[in-house]
Amino acid sequence: MICKHFWRGVLPLEPELEDEILRPKGTRRCKVCGAFFLAGSGRAKYCAKCAAEVHRKQKAAHARKKRSSVDN
């Protein structure tokens, strides 16, 4: 049980502590949108929606880099 002072006075000032105490176990905050998501592995950084977009951007950047080093 959390006391009223801690609940009202301390937690709003410390968002990381609030997340750690109040969020369900096994969830993480997405690095792009900030939403909580259930992590499937220890390497997960993005929710499913943002992961697709980030992956698409990373693939495009990789393809640009590979195309720039080709001699014709």
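**Exercise 1.** Which residues does Thr-27 touch, not counting residues up to four places away in sequence?

*Solution.* Begin by placing the residue in this predicted model: Thr-27 lies in strand β1, which covers residues 27-29. Next, look for its partners beyond four places in sequence, and you find that Thr-27 touches Phe-36, Phe-37 and Leu-38. Then consider its cover: the relative accessible area of Thr-27 is 13%, and since buried means under 20%, Thr-27 counts as buried.

**Exercise 2.** Determine where Cys-33 is placed and which residues it contacts, leaving aside its neighbours within four places in sequence.

*Solution.* Start with the position, for Cys-33 sits in the loop between β1 and β2, the latter being residues 36-38. For the pair Cys-33 and Cys-50, the separation is 17 residues in sequence, while their C-alpha atoms are 7.4 Å apart in space. Finally, Cys-33 has a relative accessible area of 44%, and is therefore partly exposed.

**Exercise 3.** Find the residue with which Glu-53 forms a salt bridge, and describe how the two are placed in their helix.

*Solution.* Recall first that side chains of opposite charge can pair when their charged atoms come close. In this model the partner of Glu-53 is Arg-56, and the closest N and O atoms are 2.8 Å apart, which falls within the 4 Å that a salt bridge requires. The two residues belong to helix α3, residues 48-68, and because they are 3 residues apart there, about one helical turn separates them. Glu-53 itself has 35% relative accessibility and so counts as partly exposed. The count for the model comes to 1 salt bridge, although the protein chain carries 17 positive and 7 negative side chains, with the centres of the two sets 8 Å apart.

**Exercise 4.** Describe the order of the elements and the overall dimensions of the protein chain.

*Solution.* Count the elements first, which gives 3 helices and 2 strands, and then read them from the N terminus on, where they run α-α-β-β-α. For the dimensions, the C-alpha trace spans about 70 × 25 × 15 Å along its principal axes. The radius of gyration is 19 Å, whereas a compact globule of 72 residues would have one near 11 Å. Turning to contacts between residues at least 6 apart in sequence, 0% of them join residues at least 24 apart.

Key
Residues are numbered from 1 along each chain as its sequence is written. This is a predicted model: local features need pLDDT of at least 70, side-chain atom pairs count only at pLDDT 80 or more; totals for chains, interfaces and linings use all residues. Side-chain values use heavy atoms; hydrogens and water are left out. The radius of gyration is taken over C-alpha atoms; the globule rule is 2.2 Å times the number of residues to the power 0.38. Contact means heavy atoms within 4.5 Å. Lys and Arg count as positive and Asp and Glu as negative; His and the chain ends are not counted. The place of a charge is taken as NZ of Lys, CZ of Arg, CG of Asp or CD of Glu. A salt bridge is a side-chain nitrogen of Lys or Arg within 4 Å of a carboxyl oxygen of Asp or Glu. Buried means under 20% relative accessible area, exposed over 50%, partly exposed in between (1.4 Å probe, protein chains only).
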